[in-house]
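Me: I'd like to go through this model with you. Can we start with the metal sites and then move on to packing?

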Amino acid sequence: SAKKFGGHRFAFYDPALQHELDLRLQLESDIITAIKEKQFVAYFQPQLDCQGNIIAAEALIRWIHPIKGIISPYYFIPVAEQSGLIDQLQSSVLFDACMLIKTLEQTQQLHDSFCVAINISACQFITHSLYNNIVSIVDAFGISPTRFKLEITESILLDDMAENIAQMQQLKAKGFRFSIDDFGTGYSSLAYIHTYPVDELKIDKSFIDKIHEGNRGSAIVSTIISLAHNLGFNVIAEGVETAEQAKTLTQLNITGMQGYYMAYPMPAAEFISWLKQQRNS
Ligand code: C2E
Ligand code: MG
Ligand code: MG
Ligand code: MG
């Protein structure tokens with residue numbers, strides 16, 4: 001408080017804090033404009049199995065700014081979450097994902113088990129906006145919910161666990177599946193992991209990076225893979241960047257791999273031509 005610093009008047013004005021607040025408000029209003037101008041688009045990054053078949057794609061949001069260029073989600077997702085704009089961004093990602101699936105289904109380029117991974121923010125569980133937001137769009141497109149896997153983080157399984165799990169069960173009853181993103185970085189108890197309504201673990205990139213740094217690096221990854229297999233979960237590696245990492249993960253019998261080594265996230269049109277090219281090679 002101001003008193004602590006020896007003043008008799010209360011300091012309500014903190015220039016640094018005010019500046020931060022101004023920036024946030026500015027960003028918030030820029031996001032609102034960008035939504036109206038349709039500047040948010042989903043990119044798609046493939047997930048391949050050990051034989052090189054495409055099993056899924058992760059939808060990753062990008063802000064295509066007319067002046068600043070492509071803006072990373074690390075910059076705007078937190079503000080979108082705090083300001084309640086995340087549902088609208090989520091809808092636009094889901095819309096793009098549905099368009100992609102429809103296009104692929106119509107051109108018969110789609111394996112039955114192909115699905116799109118959608119990142120879900122923890123705050124969408126708090127506001128209970130998740131179910132209606134997702135189901136209305138997917139139903140409107142007439143796409144089977146089994147075409148989606150929803151990526152959540154471990155924190156959702158910890159805070160208000162019973163409440164969040166009830167919301168997950170509701171979506172699972174519709175046919176949606178769940179994947180735990182950045183697995184290993186949170187604090188979910190391994191003793192409880194089998195009780196969570198999830199279908200897949202996604203090993204965080206930080207563990208994939210260390211896979212060749214001695215025995216410990218590979219021990220963690222191989223332990224997570226065996227754990228997943230023993231529990232009947234799929235297991236995906238994220239951030240695979242080298243041929244050596246892909247080779248080791250194949251030897252460990254991973255379900256799927258995603259990373260710059262296989263392909264970068266791409267706009268939908270580019271992803272479709274990439275698929276065609278893969279099929280022809
Ligand atoms: P994430 O879900 O863990 O996504 C993985 C991130 O790693 C993506 O960053 C992806 O582009 C990047 N990546 C993929 N392969 C490699 C690789 O080989 N090396 C390296 N260094 N990076 C790789 P991106 O697209 O910038 O997304 C960052 C985060 O923003 C995501 O992390 C996710 O938490 C969040 N995000 C992205 N799209 C959405 C969305 O539609 N909704 C929500 N709520 N969050 C999103
Ligand atoms: Mg993700
Ligand atoms: Mg991840
Ligand atoms: Mg991550």
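**Metal sites and packing**

Reply: Asp181 (OD), Asp182 (OD) and Glu238 (OE) coordinate the magnesium ion (ligand 3), at 2.0 to 2.5 Å. Donors are N, O and S atoms within 2.8 Å of the metal (3.2 Å for Na, K and Ca), and water is not among the atoms, so sites may look incomplete. This is a predicted model, where local features need pLDDT of at least 70, side-chain atom pairs count only at pLDDT 80 or more, and totals for chains, interfaces and linings use all residues. Residues are numbered from 1 along each chain as its sequence is written, chains are lettered from A and ligands numbered from 1 in the order in which they are written, and side-chain values use heavy atoms, with hydrogens and water left out.

Me: How are the donor residues of ligand 3 spaced in sequence?

Reply: The pattern is D-D-x55-E. Asp182 is in strand 6 (residues 177-183) and Glu238 in strand 8 (residues 234-238), 56 residues apart. Strands (E, at least two residues) and helices (H or I, at least four) are DSSP runs, numbered from the N terminus.

Me: Is Glu238 buried or exposed?

Reply: Glu238 counts as buried, at 13% relative accessibility. Asp182 is partly exposed, at 25%. Buried means under 20% relative accessible area, exposed over 50%, and partly exposed in between (1.4 Å probe, protein chains only).

Me: Which residue bridges ligand 3 and ligand 2?

Reply: Asp181 does, and the two magnesium ions lie 3.8 Å apart. Ligand 2 is coordinated by Glu58 (OE), Asn119 (OD1), Glu151 (OE) and Asp181 (OD), at 2.0 to 2.3 Å. Glu58 sits in strand 2 (residues 54-65) and Glu151 in strand 5 (residues 148-152), 93 residues apart. Both Glu58 and Glu151 are buried.

Me: New topic. How many aromatic pairs are there?

Reply: A search of the whole structure finds nine. Phe114 and Phe271 have ring centres 6.5 Å apart and planes at 40 degrees, so that pair is tilted. Rings of Phe, Tyr and Trp (its six-membered ring) pair if their centres lie within 6.5 Å; planes under 30 degrees apart count as stacked, over 60 as edge-to-face and the rest as tilted. Both Phe114 and Phe271 are buried.

Me: Which residues form the aromatic cluster?

Reply: Phe44, Phe114, Phe271 and Trp274.

Me: And what does Phe271 in helix 10 meet across in helix 3?

Reply: Leu100, Thr103 and Leu104 in helix 3 meet a helix 10 set that includes Phe271 and Leu275. Contact means heavy atoms within 4.5 Å.
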